[in-house]
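Subject: Structure handover and notes

Hello,

Here is the structure I said I would pass on.

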Amino acid sequence: MSKLLKINDLSIHYLTEDGDVKAVNNINLELDAGETLGLVGETGAGKTTTALGIMRLVPNPPGEVTSGTIEFEGRDLMKIPEEEMRMIRGNKISMIFQDPMTSLNPVMTVGEQIAEVIEIHQDIAGKEAMDKAGDMLELVGIPATRVNDYPHQFSGGMKQRVVIAISLACNPQLLIADEPTTALDVTIQAQVLDLMRNLKKEFNTAMMMITHDLGVVAEVCDKVAIMYAGEVIEYAPIQQLFENPSHPYTHGLFGSIPNLDEEVTRLTPITGLMPDPTDLPSGCTFHPRCPYAKPICAQQAPKNSVVEGEHRVKCLMFEGLVDKVSIKGTDQGKKEVV
Amino acid sequence: MSSVSNAAKPVDLDKPKAKNKKRSQWAEVWRRLKKNKMAMVGLAIIGAIVFCAIFADVIADYDSVVIKQNLKARMEGPSAEHILGTDEFGRDIFARMVHGARVSLQVGLIAVGLAIGIGGSLGAIAGYYGGRLDNIIMRCMDVFLAIPSILLAIAIVSALGPSLFNLMLAIGISSVPSYARIVRASVLSIRDQEFIEAARAIGANDFRIITKHIIPNALAPVIVQATLGVAGAILSTAGLSFIGMGIQPPAPEWGAMLSGGRQYLRYAAHITAFPGVAIMITILALNLLGDGLRDALDPRLKS
């Protein structure tokens with residue numbers, strides 16, 4: 001079976017006066033129908049730009065897709081005309097934005113906003129579309145009597161439900177969720193994630209979950225891609241990633257969150273900051289912050305190495321060029337520091 | 001039995017509640033505007049003037065009262081027959097003012113409508129697309145802004161000849177740049193918000209985004225400016241008519257009435273006083289309403 005979404009060698013740069021911001025660099029991702037892929041990384045790792053790239057909504061200028069293809073249902077999204085792309089947006093691929101407070105139009109009722117996407121993509125208008133909007137609201141757990149309410153009359157969690165209703169109204173094949181729970185508090189997060197997981201199952205929608213929360217990943221994703229400085233540095237099925245994280249950066253991420261099984265007085269965050277995307281470090285982009293870095297890391301850029309099955313990692317340790325430090329288990333990073 | 005009715009009650013209560021809650025942003029603005037006494041006074045005055053303008057023919061017949069000269073009753077002071085007196089040709093000033101309100105309001109509303117239509121769409125396009133298009137449109141607007149608007153209006157009227165339509169056109173065109181600037185500024189602040197990106201992500205085209213998502217959100221400052229703009233347009237009409245470039249005699253117009261009566265200021269001050277007061281009150285009322293609207297639409301005062 002061919003893949004639903006196949007990203008080959010995609011690079012997206014923002015050409016600004018201060019230089020080229022290399023937001024996404026040669027990433028490769030694949031997604032099957034019904035599958036959930038987690039895209040994890042720090043702020044500025046290029047997650048959102050990747051998502052906008054798939055929607056072809058990278059602001060241009062200054063953004064530009066400099067290389068690569070995005071195949072969706074066997075067609076290259078980079079090559080189809082804008083008009084056709086518009087018929088895909090919201091219909092076959094839809095997107096949930098990070099902040100539900102600002103992603104709804106304050107002067108339109110939620111019903112109108114759900115009905116809008118139905119009107120654009122299906123031959124339904126007026127009252128029928130509004131009825132369907134009401135059904136969608138019911139589906140996300142909001143009484144249909146509230147279709148005529150305005151966004152400011154809803155709480156944050158309910159607004160995000162409305163946004164989910166909009167994104168699922170046309171039954172898309174692919175749902176891109178850009179940090180859908182970041183702006184919500186923890187209890188609401190759980191509800192929204194539950195809702196998304198259930199609806200995803202019901203509609204057999206593939207999902208790309210962008211997040212920086214490994215807890216969210218563990219809860220909903222089948223596969224995970226860890227992004228760093230615009231590159232996918234580790235890609236693995238969820239089980240393998242949590243059991244056998246291979247890239248030092250992934251270790252660092254696990255070291256930065258509290259572990260329930262162990263008493264730790266101090267977390268060990270990754271030292272340093274994300275590199276400046278206009279001036280990425282030579283060789284492995286992570287080497288300035290990597291606790292295991294060797295001189296060669298600054299010279300040679302790592303290629304993808306297969307760890308096991310689908311599990312790939314971009315690190316010279318797996319190419320045999322750097323001595324493999326035995327990093328086993330999620331708490332290794334902590335032990336190193338102690 | 002009682003338990004059944006008890007169980008049913010909350011459901012019954014919920015429905016009307018949901019209906020009451022259906023309060024749009026504009027209803028909210030109206031509620032806040034109602035609290036502002038000065039704005040409501042302004043609105044009442046404007047309502048009265050609009051009422052007079054609509055029923056002007058009922059209040060005084062145009063041919064037999066408004067433009068019919070009666071030289072026997074020249075420059076009479078206010079009396080029971082002519083409540084505001086008569087002008088230099090013996091015409092009833094009140095009747096002429098009522099009909100003059102028609103012209104003023106007509107010019108005010110249509111000229112501002114024209115200016116919003118042209119200026120608003122230019123501003124929206126410039127703000128939404130940005131870049132070179134923005135530059136071209138806004139630099140043209142700057143050229144217009146460099147010419148004093150009353151001079152521009154005079155130039156247009158003298159080129160096209162004085163008539164009601166040309167007057168509207170002249171005043172409308174001369175205030176296009178200010179609307180273009182206001183709409184552009186407010187579109188710029190809305191364009192980059194997330195809900196616009198979300199609209200793009202559901203496949204909406206540019207036209208839909210501009211008309212359904214941007215313009216309704218950009219409307220507030222335009223409404224305020226338009227209210228004040230109507231006042232400005234009425235004043236410009238009066239000004240142009242005063243110097244003979246506007247409404248031509250014998251048609252009644254407040255500015256023209258002022259102009260006609262100014263020679264007799266020493267003997268019959270009421271000829272100029274009443275139209276002058278009418279202009280003043282109208283402008284004041286519109287400004288009060290505009291200020292009230294500005295406060296009512298200001299999101300920072302929301303609570």
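The notes below go through the sheets of chain A, then chain B, then the interface.

This is a predicted model, in which local features need pLDDT of at least 70 and side-chain atom pairs count only at pLDDT 80 or more, while totals for chains, interfaces and linings use all residues. Residues are numbered from 1 along each chain as its sequence is written, chains are lettered from A and ligands numbered from 1 in the order in which they are written, and side-chain values use heavy atoms, with hydrogens and water left out.

Sheets of chain A

Helices (H or I, at least four residues) and strands (E, at least two) are DSSP runs, numbered from the N terminus. Two strands pair if DSSP finds at least two bridges between them.

One open sheet in chain A has 4 strands in the order S2-S1-S4-S5, with antiparallel pairing. Its edge strands are S2 and S5 (75-76), each of which pairs on one side only. Thr16(A) has Gly19(A) in S2(A) as its bridge partner. S1(A) also pairs with S4 (residues 63-72) of chain A, again in the antiparallel sense, over 8 bridges. Along that pairing, Asn8(A) has Thr69(A) in S4(A) as its bridge partner, and Ile12(A) stands opposite Val65(A) in S4(A).

The other sheet to look at is an open one of 8 strands in chain A, in the order S6-S7-S8-S3-S9-S10-S12-S11, with mixed pairing. S6 (93-96) and S11 (304-308) of chain A each have a single partner strand, so one side of each is left without a neighbour in the sheet. Neighbouring strands here are turned by 20 degrees against each other on average, direction ignored; axes are lines fitted to C-alpha atoms, for helices over the stretch in contact, and angles run from 0 to 180 degrees between N-to-C directions. S7 (residues 174-178) and S8 (residues 206-211) of chain A pair in the parallel sense over 5 bridges, and Asp178(A) stands opposite Ile210(A) in S8(A).

Helix H1 (residues 47-55) of chain A lies across S3 (36-40), S6, S7, S8 and S9 (223-228) of chain A, at about 150 degrees to S6(A). H1(A) also packs on the 4-stranded sheet, where it touches S1, S2 and S4 of chain A and makes about 110 degrees with the direction of S1(A). Contact means heavy atoms within 4.5 Å. Helix H9 (residues 248-255) of chain A lies across S3, S9 and S10 (231-237) of chain A, at about 100 degrees to S9(A).

Chain B

Chain B has 14 helices and 0 strands. Among its contacts between residues at least 6 apart in sequence, 71% join residues at least 24 apart.

The interface

In the interface, 21 residues of chain B are in contact with 30 residues of chain A. The two chains bury about 2,300 Å² between them, 57% of it on carbon and sulfur atoms; buried area is the accessible area (1.4 Å probe) that two parts lose on being put together, summed over both. Glu194(B), Ala201(B) and Ile202(B) supply 27% of the area that chain B buries against chain A, more than any other three residues.

The rule finds 2 salt bridges across this interface, a salt bridge being a side-chain nitrogen of Lys or Arg within 4 Å of a carboxyl oxygen of Asp or Glu. Arg208(B) forms a salt bridge with Glu119(A), with the closest N and O atoms 3.5 Å apart.

Regards
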